[in-house]
Amino acid sequence: EAFLEKKLKGKSKKIYEKIGNLNLSWIFLVRAVPLIPYRVLDLSFGLSKLPFRKYLVVVLLASLPRIFWIQFILASMKGFSLQKTTGYFLENKLIFLISIAYLIFTLIVAFILRRKIK
């Protein structure tokens, strides 16, 4: 911790304090929705004062469905590009609807967790 304080010189202290104060619903949400890479999340939460057990619970709950769904879509498309993704979702409307449902489900779970924690 002293090493980080010396290197960062207080530049990111406020950010890591805010990250450390997040509740489980917000952590679940950013972990489940595939907008932020895992590496960025792991480093950000690892540098904060967030308890490891709290983060581990969220990792176990949120990562499995995210990894499965992304790998399922990528395996079906046989690679990734914006054109392939757009074409894939246009051809497979059911997969698109399930993806939207997955996003809505993660939002609902995040808000349920938020209520239970309060």
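Student: What makes Phe68, Trp69 and Phe72 an aromatic cluster?
Tutor: The rule is about ring centres: rings of Phe, Tyr and Trp (its six-membered ring) pair if their centres lie within 6.5 Å, with planes under 30 degrees apart counted as stacked, over 60 as edge-to-face and the rest as tilted. Phe68, Trp69 and Phe72 form one such cluster, and the structure holds five aromatic pairs.

Student: Where do these values come from?
Tutor: This is a predicted model, in which local features need pLDDT of at least 70 and side-chain atom pairs count only at pLDDT 80 or more, while totals for chains, interfaces and linings use all residues. Residues are numbered from 1 along each chain as its sequence is written, and side-chain values use heavy atoms, leaving out hydrogens and water.

Student: How do you know that Asp42 and Arg31 form a salt bridge?
Tutor: A salt bridge needs a side-chain nitrogen of Lys or Arg within 4 Å of a carboxyl oxygen of Asp or Glu. For Asp42 and Arg31 the N to O distance is 2.7 Å, so the pair meets the definition. Asp42 lies in helix α4 (residues 38–47) and Arg31 in helix α3 (residues 24–32), eleven residues apart. The structure holds one salt bridge.

Student: What makes a stretch a helix?
Tutor: Helices (H or I, at least four residues) and strands (E, at least two) are DSSP runs, numbered from the N terminus. The protein has seven helices and zero strands.

Student: Is Arg31 buried or exposed, and why?
Tutor: Buried means under 20% relative accessible area, exposed over 50%, and partly exposed in between (1.4 Å probe, protein chains only). Arg31 has 5%, so Arg31 is buried.

Student: Which residues does Val33 touch?
Tutor: Contact means heavy atoms within 4.5 Å. Leaving aside residues up to four places away in sequence, Val33 touches Arg66, Leu103 and Thr106. The C-alpha atoms of Val33 and Thr106 are separated by 7.2 Å, although the two residues are 73 residues apart along the chain.

Student: What makes us say that the charged end of Arg66 sits over the ring of Tyr38?
Tutor: The rule asks for NZ of Lys or CZ of Arg within 6 Å of the ring centre and within 35 degrees of the ring normal. The charged end of Arg66 is 4.1 Å from the centre of the Tyr38 ring, so the distance passes the cut-off.

Student: What makes a group of residues a nonpolar core?
Tutor: A nonpolar core is a set of buried Ala, Val, Leu, Ile, Met, Phe, Trp, Tyr and Cys residues joined through side-chain atoms within 4.5 Å. The largest one here has 16 residues, and those with the most contacts inside it are Ile27, Phe28, Phe45 and Tyr55. The elements giving two or more residues to this core are α3, α4, α5 (52–77) and α7 (93–117). A second, separate core of five residues includes Trp69, Ile73, Tyr88 and Ile95.
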